[in-house]
Amino acid sequence: MVKSLGAAALGLWAGMAQAADDVTLQLKWVTQAQFAGYYVALDKGFYAEEDLNVTIKPGGPDIAPAQVIAGGGADVVLDWMPSALASREKGLSLVNIAQPFKSSGMMLTCRKDAGVSGPEDFAGKTLGVWFFGNEYPFLSWMSKLGLSTEGGDSGVTVLKQGFNVDPILQGQAACVSTMTYNEYWQIIDAGLSPDDLVVFKYEDQGVATLEDGMYVLEENLKDPAFEDKMVRFVRASMKGWKWAEENAEEAAMIVLDNDASGAQTEEHQIRMMGEIAKLTAGSNGALDPADYERTVMSLMSGGSDPVITKKPEGAWTHAITDKALN
């Protein structure tokens, strides 16, 4: 009897020792190589090595990461900093705990035959712009150029762009919003050549803002157990990102294996991963304060309607990455 009790206790203890901590991650968009580091960390067991049971929730056009975390649907979300800081100013205490993306992949892609060769040609044109928080860098750029977004010959007409490139293909807009790793290639695949286009990278225009950072709720960081969980999550995620950078093709295949929609193609994901690796290169996961300051200044320079009206306090921390990466 004593022996069987001992065995039962031992089994219970082993079960408790093996119980991994649950973490739910909400992506900013659908399953694609933009998020390869997280899928690699899951597939290669990097999360399991940190005693984490990670659930990755794909995003989509109707999913706002800030709303998901506010409603308790995720522990950590991926978001662009303009959206995150706008949410913070409105009362949702999002904090950036890691920044795998060092550079911005956002561009405005224009047709040369629409009469665009430089920013000085934007006046009088229709430009496709993504909304849902993605419009902020564009609005800052137009303010910097002194262009109204209300239309007319001396301003630009803003076309609320869906998450496709139809407006530039169908002649509804001279330019559309694209990412270096995604929509630009959709335009090429649709039959236009690079010679038909001119691209303006936000990074080159001095209005780039930080993309795809990891955000949590400020109050949760006050819990030592949650903080420890995030340290392990960031460490495993960055291990996944560096593996993906070095093994781009295999990382793309891992993403495809996780695409429940079946919408992604091998060629597109391999190409995307090659472009994504350029954006994560140079980051160890820790937010660069200079990049943060540049983003804040860009968002506050939106003319009469800035994205944020004052410098945020406590919107990022190195507490997690200092422990995760050292």
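User: Is cysteine 110 buried or exposed?
Analyst: Cysteine 110 counts as buried, because its relative accessibility is 0%. Buried means under 20% relative accessible area, exposed over 50%, and partly exposed in between, with a 1.4 Å probe and protein chains only. This is a predicted model, where local features need pLDDT of at least 70, side-chain atom pairs count only at pLDDT 80 or more, and totals for chains, interfaces and linings use all residues. Residues are numbered from 1 along each chain as its sequence is written, and side-chain values use heavy atoms, with hydrogens and water left out.

User: OK, and what does cysteine 110 form with cysteine 175?
Analyst: A disulfide, with the sulfur atoms 2.2 Å apart; the rule asks for cysteine sulfur atoms within 2.5 Å. The link is right-handed, with 105° about the S-S bond.

User: Which parts does the pair tie together?
Analyst: Cysteine 110 is in strand S5 (residues 106-111) and cysteine 175 is in strand S8 (residues 175-179), so the pair joins parts 65 residues apart in sequence. Strands (E, at least two residues) and helices (H or I, at least four) are DSSP runs numbered from the N terminus.

User: Switching topic: at what angle do the axes of H9 and H10 cross?
Analyst: Roughly 120°, and the axes of helix H9 (residues 224-246) and helix H10 (residues 248-257) come within 5 Å. Axes are lines fitted to C-alpha atoms, for helices over the stretch in contact, and angles run from 0 to 180 degrees between N-to-C directions.
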